Amino acid sequence: MVTATAQTLQLEQHENGYFCSRFHAMASPCELLIETADEQLARHLGRLARDEALRIEHKFSRYRKDNIIYQINHSHGKAVAVEDETAGLLDYAKFCYELSEGMFDITSGVLGKAWRFDGRTAVPDEATIRQLLNYVGWDKLRWIHPHLTLREGMQIDLGGIGKEYAVDRVADLMQQQTDCSVLINFGGDLVCTKARQSGQGWQVGIEQPVYDQTGQQPAANTLIEITQGGLATSGDARRHINRDGKRYGHILNPKSGWPVSDAPCSVTVAAASCTEAGILATLAMLRGEEAEAFLDAQAVPYWVVR
Amino acid sequence: MKMISLMLLLSFVLGGCSNMGVQPWQRGHLAKQKMQLDAYPVDAFLDDHIYFSKESSSGGAGVGGGGCGCN
Amino acid sequence: MQLKKPKPIRRLLTAATSTLLASTAQQVVAVEKTPWQVDSAFLYYSEKDRVTVYEPVVAVRKETGDDEFIGVRLVLDSMTGASPNGAIPTDSPQTFTAPSGASSYSIPAGETPLDTSFHDTRAAISAEWEVPLDERLKAVFGGNFSKEYDYTSLGLDATFSWDLNQRNTTLTTGLSVSQDQINPVGGVPTGLTSVPTVVGVQKSTQGGDESKDIMGLLLGVTQVVGPKTLLQFNYTFADEQGYLTDPYKLLSVLDNSGQLRASDPYVYEKRPDSRQRQALYAKGMHQFGDDVLHASYRYYWDDWGVTSHTYDLRYRYELAGGRHYLQPHLRYYLQDKADFYHYSLDDNNIPAYASADYRLGDMSTTTIGLKYGLVLGESHEFGARLESMQQKAEGDAPFEDNTAVIFQLNYSFLF
């Protein structure tokens, strides 16, 4: 079979009047469901979506050496001038940092050097963590439009909002191009531009794997109907460490350097946009055992798996 | 003979058309390249040229196309 | 961490997110990078002991707007070898002058005379613009131009397609006009006059060039019969006016004893100066599983007396893995001769029009072939096709068989 590379766009037509366009981007299987009978339109929109997803991936990926993120993370304490799109994301990151009272912090990525959630049970020692905390903290950098100055050794990582942002950007593009209802789904982070012609929504299955001490037990899929708006999931169902009977999830508290205690396995939130849903889901995770209370206070639909 | 063929053609078309067909979401197979009337445009173009120059008939599938001194 | 009662932050967050998404909207210029679809091919056509053709083709197509496309195709065809000149084989060697009149060639006894000085390269370019006129009405406008050293052709065409019945029925109408200029080597020979057999004797000509005007019409209906079945019916009509004769072809003239007449043994052919052609064509396509069957039939007739039946069958057999296929092809063509076709002429009965071109005679063409295709990705394909074509006499005229090999390689990709 032809494997879907980033360049390949697959298009299928479904009964019930829509096309499904698939491609691979942002390390996820991406799909676009477009309510139309017009194959040319579906192909065109699929291409646009793929190109935009790849553009964002290339621009904000931590793993590339030719983008603004690399420049920023290798600036060695010098100021870096950023353009409007990056500036917008930095403003948003700052806003979320303040709104979450410091729990949402895009500089916390360096803690990943200590915590490797790759199945080994090694838990880092306190000294290592304390060392790394010297390089963590939004309050340690200077962001005055358009210049960003990180201290030597600090890193920023937009991975926490990148995919959701891409989903919303693609939605915006779709709305410029067509009046048809479009569902954009990048590996579970999704948004729907408008209701389908019948007034109904798109049926989306949320995979809710449940883990206990003995192993994994995938639960049944929850089927939700989405008419308009975004959906995002924050979860660590697969990335965690088990040690001494305790489960350490992969969401780290940037103030302590340790995983948030009693964090749920996964949080799925529905909101007006995918980005907003993603932030709410992440903020909920960061609340640990308070996740549900937090989401109740925000009056959004949510699904928490513990 | 020719008139009969023409009339058969017309009656087939007019009689059966409005009831036949598929719903828009059933067009998946028909959308594929291999189910297009011109599924192999280059092959058809080259063949047309060969048979135009080696036989005395032309037409049927399309209109236009270039002339050549080969016939 | 202190357990504080969670504040409702949603309103602020929604507002901030809107700002983020709106403010960066300007950055994202939806540049429509539609690719060029490139189809390239190379054809090798070779007849046994006769003509060989090398023909590269490149066609590009691009979407330039909503359902709007432009396409351009370039073809080069390079022909070498010899073609029958219309004369019949005889018991003794024969000599003919070349069309230029500057040289001659000899044919051994018993062999079908072939004009060996024949070689030609032709270049052709065509362009088309496909544009929607309405939600259900589409138009394709095209032009084409081709040139070889003794022939030029210029044409325009327009086709309109109208979708009905939820796009299950499509009515098509097409119109084409073209004008061809013929500048034969050595001038246009006057029909049915004598062909010089000795260099230095001029042939009788009616000028340096001639032209021909062609008008074509198409009426068609395409009908979706089922999710995997399609039918098409077409009627085509063409009218040709002007010089329709082949300036290089001749006929042998025999005397009462059945031998070549002593003086003026060959005359140039002469065809009428008008021709009206008609055809009825039916095509069906059906998908069996993943395989596809294409079957078509054409009945053709014209006012020269030529009638023909063409049967064409292709079966695309998908190979395991879904990435490649084999497609056998069968084509059978049966033709009834033109009224003025003669194998040779009788001295005391020279008609008003005559041609010994076997392509106007009672004949059949049988083609059998196989194509292999490899699908490498979206609009990315490679194909190779090998076919064998055989033409035979089907009536009283005992002209020789013509056998040819057709080999084609094609490669399509997005650029």
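**Strand pairing and packing in a three-chain model**

In strand 12 of chain C, C:Gly216 is the bridge partner of C:Ser176. This is a predicted model, in which local features need pLDDT of at least 70, side-chain atom pairs count only at pLDDT 80 or more, and totals for chains, interfaces and linings use all residues. Residues are numbered from 1 along each chain as its sequence is written, while chains are lettered from A and ligands numbered from 1 in the order in which they are written.

Strand 11 of chain C and strand 12 (residues 210-226) of chain C are antiparallel and share 14 bridges. Strands (E, at least two residues) and helices (H or I, at least four) are DSSP runs, numbered from the N terminus; two strands pair if DSSP finds at least two bridges between them. Strand 11 (residues 169-182) of chain C is also joined to strand 10 (residues 151-164) of chain C, again antiparallel, by 14 bridges. Here C:Thr159 has C:Gly174 in strand 11 of chain C as its bridge partner. Strands 10 and 11 of chain C make a hairpin, with four residues between them. In the turn, C:Asn165 has a positive phi of about 50°.

Elsewhere in chain C, three strands form an open sheet in the order 15-14-20, and the pairing is mixed. Strand 15 (266-268) and strand 20 (345-346) of chain C are at the edges with a single partner strand each, so one side of each has no neighbour in the sheet. Strand 14 (residues 250-254) of chain C runs parallel to strand 20 of chain C, and two bridges link them. C:Asp346 in strand 20 of chain C stands opposite C:Leu254.

Chain B meets chain C through 39 residues of chain B and 74 residues of chain C. Residues are in contact if their C-beta atoms, placed from the backbone, lie within 7 Å. On the chain B side, helix 1 (2-16), helix 2 (28-31) and helix 3 (41-54) each supply at least two residues. Helix 3 of chain B gives the most, with seven residues. The side of chain B that touches chain C has 17 nonpolar, 17 polar and five charged residues. Nonpolar means Ala, Val, Leu, Ile, Met, Phe, Trp, Tyr, Cys and Pro; charged means Asp, Glu, Lys and Arg; the others, Gly among them, are polar.

Chain A has seven helices and 17 strands. Eight of these strands form an open antiparallel sheet in the order 1-2-3-7-8-13-16-17. Its edge strands, strand 1 (10-14) and strand 17 (302-305) of chain A, each pair on one side only. Within the sheet, strand 7 (residues 182-186) and strand 8 (residues 189-192) of chain A are antiparallel over four bridges, and A:Leu183 stands opposite A:Cys192 in strand 8 of chain A. Helix 6 (residues 274-286) of chain A packs on the sheet, touching strand 8, strand 13 (229-235) and strand 16 (266-271) of chain A, and its direction makes about 30° with that of strand 13 of chain A.

Chain A also holds a helix pair. Helix 1 (residues 39-60) and helix 5 (residues 159-177) of chain A pack at about 145°, with their axes 9 Å apart. Axes are lines fitted to C-alpha atoms, for helices over the stretch in contact, and angles run from 0 to 180 degrees between N-to-C directions. Residues that meet include A:Leu45, A:Ala49 and A:Phe60 from helix 1 of chain A, and A:Tyr165, A:Val170 and A:Met174 from helix 5 of chain A. By class, this contact has eleven nonpolar, two polar and two charged residues.

Terms used:
Contact = placed C-beta atoms within 7 Å.
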